[in-house]
Amino acid sequence: MLDSVKEWLSKNSKAQEIATRLLLVAPLFFLTHAFSWNLLRDWTTNLIIQGNALLETHLVRLSPTSFSVGGHFFQVAVACTSIDALIGSLSLVYDRRKSLLKFFGFFLVYSVIIQVINLLRLILGFFAFDHGVSWKIAHEIPSGGFLFIWFIWLLWYRGWVSFRLHTGKRRKEI
Amino acid sequence: MRRLMVSLFVITVLAGNIPLAIAIEDEPVVATSAEIQTLKTCTSLDSKKIRILREGSKCHLYTESLAIWRNGPTSEDLTSKFPVTTLQTCTGKSPSIRSYILIRDNCQKFQEATSWHRWLKSPSTPEFESVEALNETTGLITLKPMTENPDAPITFLTVTSHPDEVVTRGLPTEITKYYVTGLSQKKTYTFTVSATNADGESPLSLESKALTTPAIPEVIPAGPGLLSFITAFVLLFLFFAYRRFNSALD
């Protein structure tokens, strides 16, 4: 089994690259969790509270990384900041054709966009939760949707999937 | 004549500020005169050995306790109320050298001996004012003001929590407030307290009123949970299944 995989990889350089990049995601992801990211979690907590204040939802800050809303206590963990997925995606977005400086510029913009989307998701999630929507619907399912869209975008960015409209002949209806 | 005598007595008392009552045993008079020389020492609570405290330094909590000695006449007024102990020191005769040395025998020729006195009295029995749970793991004990020996301030309180029988020691944050940490959530506790100074430990207090700690609130991590990953995988599956289905149709 392993030999057949090796043989297939040696014949197919594209598959080799995909496999290498995907295999690097997990170590990068877990490496991110080796650090506490206190400052980023503090900022994220701050922005969630301020964003909800704009929507007139009152979140009570309990510590630099925790707050309460509607009698429930929430802790902003490393995963809430999306930094783990962001660093995990490093191997997928890395482009060998670009210089390191250009790639760094791209990654900076990419990180900011991801962070903004993630914050909007969190702010709206807590807004919905405070207005009676269950935690699963307000946060968990949108979070899954966010990860899905992000992953599909990464596949599209790498050119591993395309969204071109099918131009071939349509199958006759029976 | 009797009225005149009474009036004269009242005037004399008010004008002359004659004390009508002497200090009771638990309320010692604090020596306030600046002229009375004091010597601060640290008494080892284990061995009762004494060492002179250097200017600005502190005794080590739990093992040593501050004791203040006076060589003024004020302490003599209280000899009848408290047991008094004395300490002999030697110091250089030159006024510029004021480093004291505790002596065991006699001072040297070039030194002069000084006798210091202090009252001996352990702290009185602590009494509870209130106990309250501040959070799931911390309780606040408020004690009634304790009468202290001015020559031996309280070094620490020993608080025992029941039924765990966990003993904690520490100085109260304010003179009467003591925070007990390390309690368990949703549990009822009572406490007993004793106070310790250089002269010894007070009798154990009566058991406090019961305190019940609240439950620790459940903290929800705001990151993506299992359902988020299941959602993402289901969406991915649907996405690729749809694409495969579409390509099969082509």
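# Exercises on helix packing, strand pairing and the A–B interface

Strand 7 of chain B and strand 8 (residues 139-143) of chain B run antiparallel and are joined by 5 bridges. The model is predicted, with local features requiring pLDDT of at least 70, side-chain atom pairs counting only at pLDDT 80 or more, and totals for chains, interfaces and linings using all residues. Residues are numbered from 1 along each chain as its sequence is written, while chains are lettered from A and ligands numbered from 1 in the order in which they are written.

**Exercise 1.** Determine which strands stand at the edges of the sheet that contains strand 7 of chain B.

*Solution.* Helices (H or I, at least four residues) and strands (E, at least two) are DSSP runs, numbered from the N terminus. Two strands pair if DSSP finds at least two bridges between them.

1. The open sheet consists of 3 strands in the order 7-8-11 (chain B), paired antiparallel.
2. Strand 7 (128-133) and strand 11 (177-180) of chain B are the edges; each has a single partner strand, so one side of each is left without a neighbour in the sheet.
3. Neighbouring strands of this sheet are turned against each other by 15° on average, direction ignored.
4. Opposite B:V131 stands B:I141 in strand 8 of chain B.

**Exercise 2.** Describe the hairpin of strand 9 of chain B and strand 10 of chain B.

*Solution.*

1. Over 5 bridges, strand 9 (residues 156-162) of chain B pairs with strand 10 (residues 166-170) of chain B in the antiparallel sense.
2. B:V159 has B:T168, in strand 10 of chain B, as its bridge partner.
3. The hairpin has 3 residues between the strands, and B:E165 takes a positive phi near 60°.

**Exercise 3.** Classify the orientation of helix 6 of chain A relative to helix 7 of chain A and to helix 3 of chain A.

*Solution.* Axes are lines fitted to C-alpha atoms, for helices over the stretch in contact, and angles run from 0 to 180 degrees between N-to-C directions. Angles under 35 degrees count as roughly parallel, over 145 as roughly antiparallel, 65 to 115 as roughly perpendicular and the rest as oblique.

1. The axes of helix 6 (residues 100-130) of chain A and helix 7 (residues 135-158) of chain A come within 8 Å and cross at roughly 160°. These two helices of chain A are therefore roughly antiparallel to each other.
2. The axes of helix 3 (residues 38-54) of chain A and helix 6 of chain A come within 9 Å, crossing at roughly 55°. Helix 3 and helix 6 of chain A are therefore oblique to each other.
3. In the latter pair, A:L47, A:I48, A:G51 and A:N52 of helix 3 of chain A meet A:L119, A:L122, A:I123, A:F126 and A:F127 of helix 6 of chain A.

**Exercise 4.** State which element of chain A supplies the largest share of the side that touches chain B.

*Solution.* Two residues are in contact if their C-beta atoms, placed from the backbone, lie within 7 Å.

1. Contacts link 23 residues of chain A with 21 residues of chain B.
2. Strand 3 (72-75) and helix 7 of chain A each supply at least two residues of this side of chain A.
3. Helix 7 of chain A gives the largest share, 10 residues.
4. Strand 3 of chain A also pairs with strand 15 (residues 219-221) of chain B, in the parallel sense over 3 bridges.
5. Within strand 15 of chain B, B:P221 stands opposite A:Q75.
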